[in-house]
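Reader: I would like to learn how to read pockets, helices and cores from a model. Can you take me through one?

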Amino acid sequence: MSSDTLAKVPTAPDLPGPADVPRIVPQRRYGQWAAAVAVLLLLALAGNSVARNKAFQWDVVADYFTSDSVLRGLWLTLWLTAVVMVLGFALGALLAAFRLAANPVLRAVSWGYVWLFRSIPILVQLLLWFNIGALYPQVFGVRTVDLLSPVAVAVVGLTLHEAAYAAEVVRGGILSVDRGQIQAAQALGLSRWRRWWRIVLPQAMRSIVPPAGNMLIGTLKGTSIVSVIAVNDLLFSAQLIYHRTYQVIPLLMVATLWYAVVTSVLGVGQYYVEKRYARGTESAR
């Protein structure tokens with residue numbers, strides 16, 4: 001091959017070498033690092049203050065944390081929370097069905113119930129039920145005082161209050177299901193019960209579970225208000241002890257720690273329930 005032919009052969013363009021590639025320098029976020037250090041420093045100072053403050057009396061907290069009276073109060077708190085949530089959501093589901101019904105009377109009754117019980121503070125409701133004997137001394141020939149004990153008043157008052165919020169949670173979950181899903185189920189000839197159980201409810205649960213979990217935790221903490229009507233829950237048990245020993249702060253810390261432990265466990269459970277009902281969605285991947 002002649003030199004003229006070699007001269008005509010095209011050559012590959014010069015490729016940039018490692019020295020020619022521009023170096024990518026990550027953005028330096030000095031402000032964020034400084035803020036993080038400041039927050040960690042403040043947390044360390046707060047933790048050190050709590051740990052070294054003798055007024056907390058952590059030895060007293062450890063002594064009463066698993067005492068019999070505190071554990072009995074904790075059990076009543078858990079029992080009251082479970083009963084109120086079950087009854088509240090059962091009544092709330094019925095009210096949601098009324099609100100979505102075609103009958104205008106049922107819709108009006110449901111709307112009025114939700115409006116009324118969301119308007120009255122829970123403390124006022126409990127006090128009204130606790131003093132219901134002043135309005136109705138007897139019910140079906142039985143003295144109201146004997147019929148409604150403080151625990152029964154707590155169950156009735158909290159259930160009626162939670163049902164109003166549960167009704168809106170359930171109604172919102174049902175309305176979040178696309179109408180086309182129900183129409184498709186009708187086209188397949190599914191019965192009304194199977195449409196609700198197999199089509200509507202599983203999809204509605206994705207919207208119901210998060211607020212329902214928040215309601216559960218809120219109800220657990222809200223049960224502390226029943227101490228005003230002498231229900232021996234966790235807070236009232238702690239109050240009985242510090243009224244006798246005058247160790248107010250340590251006993252309040254006992255109640256605080258137990259509430260934190262239980263709400264943390266419920267939060268973990270809520271996470272897994274949400275994850276189960278979110279299967280198949282983009283957020284679950």
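The dialogue below takes up the pockets, then a helix, a core and a loop residue.

Author: Keep in mind that this is a predicted model.

Reader: How much space lies in the largest pocket?

Author: Its volume is about 690 Å³. The lining has 23 residues. Nearest the centre lie Ala 97, Leu 100, Ile 174, Trp 196 and Val 200.

Reader: Which elements give two or more residues to that lining?

Author: They are α4 (68-100), α8 (150-175), α9 (179-187) and α10 (192-222). The largest share is that of α10, with 10 residues.

Reader: How do the lining residues of the largest pocket divide into nonpolar, polar and charged?

Author: Sort them by residue type. The lining of the largest pocket has 19 nonpolar residues, 1 polar and 3 charged.

Reader: What lines the second largest pocket?

Author: This pocket holds about 260 Å³ of space. Its lining includes Met 85, Phe 89, Met 205, Ile 208 and Leu 266. Gly 269 and Gln 270 are also among the lining residues. Two or more residues come from each of α4, α10 and α12 (248-277). Here α10 gives the most, 6 residues. By type, the lining has 9 nonpolar residues, 3 polar and no charged.

Reader: Now a helix. What span should α8 have, and why?

Author: Count 1.5 Å a residue, taking one less than the number of residues. α8 has 26 residues, so it should span 38 Å. Its end C-alpha atoms are 38 Å apart, which agrees.

Reader: Where is the kink in α8 centred?

Author: On Ala 163. The kink is about 25°.

Reader: Which residues have the most contacts inside the largest nonpolar core?

Author: Val 70, Leu 234 and Trp 258. The core has 17 residues. The elements giving two or more of them are α4, α11 (234-245) and α12. The largest share, 7 residues, comes from α12.

Reader: Last, a loop residue. Is Val 228 buried, partly exposed or exposed?

Author: Read the relative accessible area against two cut-offs: buried is under 20%, exposed is over 50%. Val 228 has 49%, so it is partly exposed. Val 228 sits in the loop between α10 and α11.

How values were computed
Residues numbered from 1 in each chain as written. Predicted model: local features only at pLDDT ≥ 70, side-chain atom pairs only at ≥ 80, totals over all residues. Heavy atoms only, no water. 1 Å grid on protein atoms, 1.4 Å probe; cavity = no way out; pocket = protein on both sides within 12 Å on 5 of 7 lines; lining within 4 Å. Points joined across faces, edges and corners; volume = space filled by probe spheres on them. Helix = DSSP H or I, 4+ residues; strand = E, 2+ residues; numbered from the N terminus. Nonpolar A, V, L, I, M, F, W, Y, C, P; charged D, E, K, R; others polar. Bend = angle between axes of the 7 residues up to and from the residue. Core = buried A, V, L, I, M, F, W, Y, C linked by side-chain atoms within 4.5 Å. Buried < 20%, exposed > 50% of the residue type's maximum accessible area, 1.4 Å probe, protein only.
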